[in-house]
Amino acid sequence: QQWMEQHFQKKMEEKVGDKKMSPRLYENVDRLQAILGKSSDIVFRELELNNPEHTKATVIYIDEMVNKEITHNYVLRPLIRQEKQADGQDLWEWLKERVVQAGETKEFSDLFSAVEAVLNGNTIVLIDGIEKGLDIGTKGWTTKGIDQPRAESVVRGSQEGLSETISFSLSMIR
């Protein structure tokens with residue numbers, strides 16, 4: 001396990017390095033899509049904030065690795081239906097304190113932390129014009145084990161198999 005963690009760390013550093021977040025949202029999203037790939041289970045949800053500038057934001061998570069109730073009710077819904085930002089109020093502070101209602105949140109300012117958060121089953125929020133992101137603790141994958149397939153038994157070889165939906169099986173492999 002230690003070797004795997006070191007190998008993962010080395011590969012991440014090769015691919016991501018210590019690149020800082022850009023103030024331009026589309027650059028951060030493009031970089032993250034290049035690193036994470038365009039897999040069907042990685043969600044990039046774009047939305048517009050209810051502030052005078054109608055700032056763009058993107059919420060990123062892996063579909064089967066997050067608790068969807070937390071992600072939808074305490075991250076996405078508040079971002080979509082948030083109260084209007086008060087004049088003169090700092091956008092980042094308003095977002096952290098008044099809009100996102102999830103309990104476990106922390107800031108990050110580099111791509112490595114963003115990728116690590118998404119791969120660990122968290123949800124991240126990126127805002128246009130801000131050089132940092134918000135890592136929201138939304139881990140909540142289904143806890144079903146790998147077991148022997150009932151329909152396709154084999155005489156030789158492994159007796160285990162992935163017998164769930166493709167998205168669930170993909171999250172187990174991740």
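Colleague: What percentage of the residues in the protein is buried?

Modeller: A residue is called buried when its relative accessible area is under 20%. In this predicted model, buried residues account for 38% of the 174 residues. As for the surface, the protein exposes about 10,600 Å², and carbon and sulfur atoms supply 47% of that area.

Colleague: Which residues of the largest nonpolar core touch the most other members?

Modeller: In soluble globular proteins, nonpolar side chains tend to be buried together. Here the largest nonpolar core has 22 residues. Those touching the most other members are V16, L32, F44, I60, V115, I124 and L126. Two or more residues of this core come from each of α2 (25–36), β1 (42–48), β2 (56–62), α5 (111–119) and β4 (123–127). The greatest contribution is that of α5, with six residues.

Colleague: Which residues does V115 touch, leaving aside those up to four places away in sequence?

Modeller: With those neighbours set aside, V115 touches M12, V16, L32, I35 and L36. There is also a second, separate core, made up of 21 residues; L76, W92, L95 and I136 are among them.

Colleague: How many helices and strands does the protein have, and what pattern do they follow along the sequence?

Modeller: The protein has six helices and five strands. Read along the sequence, their pattern is α-α-β-β-α-α-β-α-β-β-α.

Terms used:
Residues are numbered from 1 along each chain as its sequence is written. This is a predicted model: local features need pLDDT of at least 70, side-chain atom pairs count only at pLDDT 80 or more; totals for chains, interfaces and linings use all residues. Side-chain values use heavy atoms; hydrogens and water are left out. Helices (H or I, at least four residues) and strands (E, at least two) are DSSP runs, numbered from the N terminus. Buried means under 20% relative accessible area, exposed over 50%, partly exposed in between (1.4 Å probe, protein chains only). Accessible areas come from the Shrake-Rupley method with a 1.4 Å probe; for residues, only the protein chains shown count as cover. A nonpolar core is a set of buried Ala, Val, Leu, Ile, Met, Phe, Trp, Tyr and Cys residues joined through side-chain atoms within 4.5 Å. Contact means heavy atoms within 4.5 Å.
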